Amino acid sequence: MEALINALPGSVAQGLIWGILAIGVYITYKVLDYADLTVDGSLATGGAVAVICITGGMNPYLAMVMAFGAGMLAGLVTGLFHTVLGIPPILSGILTQLGLYSVNMRILGKSNQAVSVDQYGLIVSLRYIQEACITAGICCIVITMILYWFFGTELGAAVRATGCNQSMARAQGINTNAQKVLGLVISNGLVGISGALYAQYQGSADVNMGRGAIVIGLAAVIIGEVVFSKIFHNFALRMLAAVIGAIIYFIVIAVVLQLGLSTNDLKLFSALIVALFLAIPHLKSRYFAQTGRKGGKADA
């Protein structure tokens, strides 16, 4: 139990950092209704760009901006694959993700690149978990506030309308292809920021650091939706629910590891978590709702 308590701050820090990615996944998965698999590549791209910029002498905050821009470019490529070339959403994301592996190798020059907190003024670090929690938490809140403002504007409302009903959006004169590209650009830009923070947190960038990122992002979004759907109705709170979902995910992982699960089984366990939370709304509506209706009839 003591080991678990000691591991909790690290789980919260990771959850907050990955929570930024979860917000990006929320934009594509829930707002845009677009199955985007680019994030496995754009997370590593953000981390690679940030680490190379920092080790090259750039201010870490400016390196974060560069990582944001790199993620946006990745989202732009995916969007153009889909809207200009007519490639289906899932395949467009896969193609960009595959291409980004080589891009990330080019950026890093090798499979991984270390960045030490002793040599550079990193924004977050595994060595200072409490400060990392505060910094990542502030980033999540600021990003949520900016997105809440943006999606309340006419342009943001057009993105939401595109995800809600494309045919109706087009009937209202909205360029739905442009809105899809914009949504993907914003989403992957946020994923790039998450990757930049995560690379600094763990002290290195790796070309494989984004492998399975979409599973974690989906798990965070789904956990947040299932747990807080009846409480959080505001759009901003729903994005924060995704962040909290990421924290819950990493706490669950920490608990399972303390119970003795092999790290080799983590990917399988992650997939099972996503499957479970995806199934909960369906099972609830199919079985529990029927039980409630039958009970109501019996009472009558």
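This is a predicted model: local features need pLDDT of at least 70, side-chain atom pairs count only at pLDDT 80 or more; totals for chains, interfaces and linings use all residues.

The sulfur of C133 lies 11 Å from the closest cysteine sulfur, that of C140, and this is too far for a bond, a disulfide being defined as a pair of cysteine sulfur atoms within 2.5 Å. C133 counts as buried, at 17% relative accessibility; here buried means under 20% relative accessible area, exposed means over 50%, and partly exposed is in between, with a 1.4 Å probe and protein chains only. C53 is likewise in no disulfide, and its nearest cysteine sulfur, in C139, is 17 Å away. C53 counts as buried too, at 15% relative accessibility. Across the whole structure, the search finds zero disulfides.

Residues are numbered from 1 along each chain as its sequence is written, and side-chain values use heavy atoms, with hydrogens and water left out.

Let me turn to the core. A nonpolar core is taken as a set of buried Ala, Val, Leu, Ile, Met, Phe, Trp, Tyr and Cys residues joined through side-chain atoms within 4.5 Å. The largest one has 76 residues, and the members touching the most others are W18, L147, F151, L190, L197 and Y249. Elements giving two or more residues to this core include α1 (2-31), α8 (176-202), α10 (235-258) and α11 (266-299). Which helix gives the most to this core? It is α1, with twelve residues. Helices here are DSSP runs of H or I with at least four residues, and strands are runs of E with at least two, numbered from the N terminus.

Beyond its neighbours within four places in sequence, W18 is in contact with L43, S194, Y198, M209, A213, I216, A246 and F250, contact meaning heavy atoms within 4.5 Å.

On the aromatic rings, the search of the whole structure finds seven pairs. Rings of Phe, Tyr and Trp (its six-membered ring) pair if their centres lie within 6.5 Å; planes under 30 degrees apart count as stacked, over 60 as edge-to-face, and the rest as tilted. W18 and Y198 form an edge-to-face pair, 5.2 Å from centre to centre with 70 degrees between the planes. This pair links distant parts of the chain, with W18 in helix α1 and Y198 in helix α8, 180 residues apart. Both W18 and Y198 are buried. F150 and F151 are also edge-to-face, at 5.1 Å and 75 degrees. F150 is buried at 13% relative accessibility, and F151 is buried at 3%. W18, Y198, Y249 and F250 make up one aromatic cluster.

Finally, the charged pairs. How many salt bridges are there? The count is two, where a side-chain nitrogen of Lys or Arg must lie within 4 Å of a carboxyl oxygen of Asp or Glu. In one of them, E225 meets K30, at 2.9 Å from N to O. E225 lies in helix α9 and K30 in helix α1, so the pair ties together parts 195 residues apart in sequence. E225 is partly exposed, at 35% relative accessible area, and K30 is partly exposed at 33%. D118 forms a salt bridge with R127, with the closest N and O atoms 2.6 Å apart. D118 is exposed, at 58%.
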